[in-house]
Amino acid sequence: MGEIKMPRKNFDEVLKYTEYAMRTTAQKEMTAKEKEFFINETRHNFNNHINPGFLEYRKSAGDDEMAMEWMANGDTFTDLHGKEYIDCLGGFGSFNCGHRHPIIVKNVMNQLEKQPLSSAELIDANRGLLARIIADVTPGDLQYTFFTSSGTEAMESGLKMATLATGRHYYVAFKGDFHGKTMGALSMTSKAHYREPFLPLLQGTRHAPFGDLEYLKKLIDIMEYVGELPAAIIYEPIQGEGGVIVPPDDFIPGIREICIKYDIMMVADEIQVGMGRTGYLFATDYSDVAPDILCLGKSISGSVIPLSACVCTERAFRGMFPDPLLHSTTTGGNPIATAAGIAAFNVILSEDLCGKAQKGEKIFKEGMGVLLKKYPKLFVDFRGRGLMLAMEFCDGDKGYEVVHEAFNRRLLLSGSLINARTIRIEPPLNITEAHIKEAIEILNVSMGIVYNRHFN
Ligand SMILES: Cc1ncc(COP(=O)(O)O)c(C=O)c1O
């Protein structure tokens, strides 16, 4: 008989700690002493129970190494010390509707008071309501939605649906792509740093240069020749983590044509660029073509509760009809998450967040044009569509310095997962004009400091 292990802590102590933790959740204000204790607790917990690396590795943080999130509202958030920041990072595309939008919070609270999670056995109405709304607003024949909770799960679902529909086991994605970090999605993600420790991943995955239609045509032609036609071509309409790369206008229509010719599933990853971000409800709308499978995440949650979705045409989905549990998840598309998703579409449509993204783009780009002339050796380019924007600096270190200076002046920005040479601007789509102008002025001051440090 093995030794019976005692718990590490007496349960009475743990119970007291849960009470302390719950008290902090209920608190809106803390005294200076409580704050100090809370910060030290959080430092201890991250160092010992989350990952000490997180306290070292934060691309955006300024001089306050323990800057802690506390409250958020609209296009701003407030740290524990009461400092208010303009949020131009937007949770990497998660806060299109802004923080705590009252319509979304209300719909979630209404559902929370009835039934937060479902039995997963009876029929839950919210899933149907949201799937219907999605079918009505998405282009082409997209009709059936499989709900999940994170972006990477939506991508896993997309890959499985494509394989089920075509019977094929090869996939094509692009250099610079980011599709998530679970095994299947990671196979499509392109950066070696994230892939190498886990190779070989999904066999038969190819990466082509992003935006190069001729290369793609040749690759698919060869894959057909050798009997390895892919189940899917997976693309981001604008690469996000890859540095906000907008492809040539003929690229996405070109993928559509290739997919029709070879009966390949066209899988759009709109987890970051969808839900109005680019000034279009879905970024693929810009090219006026419809994918066979559309993956959504981040902002479909109404910026409140995690939710993601894999939206399919009947052709892409019908393999799931005979056994709906062939691919399933217990909590994906639960009642509170779908309540948030329903309200997210209500807000995006009723408040014209696509139009707001287009207006915001104009003001930001005007400001960036001025800064480009003012700091020529430091700030070398800007690009993007809607409020999916990026500024390119001469190198990653100086880009990072600008982010750091901006954070000290209460503007949150971030680099991409590839590097900090590209700094993204992805604020809530309802960011006020006053905050856009303030953000540009903070960028002006921050770039001025870095410019004088290195070039004067
Ligand atoms: C384009 C894209 N696809 C997939 C993902 C993965 O989403 P998640 O982090 O929710 O798993 C991300 C996340 O940044 C993304 O930007």
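Helix α10 (residues 213-225) and helix α11 (residues 251-262) pack at about 15°, and their axes are 10 Å apart. The two helices are therefore roughly parallel to each other, a term used for angles under 35 degrees, while over 145 is roughly antiparallel, 65 to 115 roughly perpendicular and the rest oblique. Axes here are lines fitted to C-alpha atoms, for helices over the stretch in contact, and angles between N-to-C directions run from 0 to 180 degrees. Helices (H or I, at least four residues) and strands (E, at least two) are DSSP runs, numbered from the N terminus. This is a predicted model, in which local features need pLDDT of at least 70 and side-chain atom pairs count only at pLDDT 80 or more, while totals for chains, interfaces and linings use all residues. Residues are numbered from 1 along each chain as its sequence is written.

On the α10 side, Leu213, Leu216, Lys217, Ile220 and Glu224 meet Phe251, Gly254, Ile258 and Tyr262 of α11. Sorted by class, this contact of α10 with α11 has six nonpolar, one polar and two charged residues. Ala, Val, Leu, Ile, Met, Phe, Trp, Tyr, Cys and Pro count as nonpolar, Asp, Glu, Lys and Arg as charged, and the others, Gly among them, as polar.

Tyrosine 262 belongs to helix α11. Leaving aside neighbours within four places in sequence, tyrosine 262 is in contact (C-beta atoms, placed from the backbone, within 7 Å) with Ile220, Glu224 and Leu229.

Next come the strands. In a regular strand the side chains alternate between the two faces of the sheet. In strand β7 (residues 232-235), Ala232 and Ile234 point one way and Ile233 and Tyr235 the other way, and all are buried. Strand β5 (residues 171-174) pairs with β7 in the parallel sense over two bridges; strands pair if DSSP finds at least two bridges between them. Here valine 172 stands opposite isoleucine 233 in β7. Strand β8 (residues 265-269) also runs parallel to β7, joined by four bridges, and alanine 268 in β8 is the bridge partner of tyrosine 235.

Some backbone angles deserve a look. Most residues other than glycine have a negative phi, and most peptide bonds are trans. The bond from leucine 199 to proline 200 is cis, with omega near 20°, and proline 200 lies in the loop between α9 (192-195) and β6 (205-208). Arginine 100 has a positive phi, near 55°, and sits in the loop between α4 (90-93) and α5 (102-112). Aspartate 352, in the loop between α13 (335-350) and α14 (353-374), has a positive phi near 45°.

The crossing of α6 past α13 is left-handed.

Key: Two residues are in contact if their C-beta atoms, placed from the backbone, lie within 7 Å. A residue is buried if 20 or more other C-beta atoms lie within 10 Å of its own, exposed if 12 or fewer, and partly exposed in between; C-beta atoms are placed from the backbone. A crossing is left-handed if the near helix is turned anticlockwise from the far one by less than a right angle, and right-handed if clockwise.
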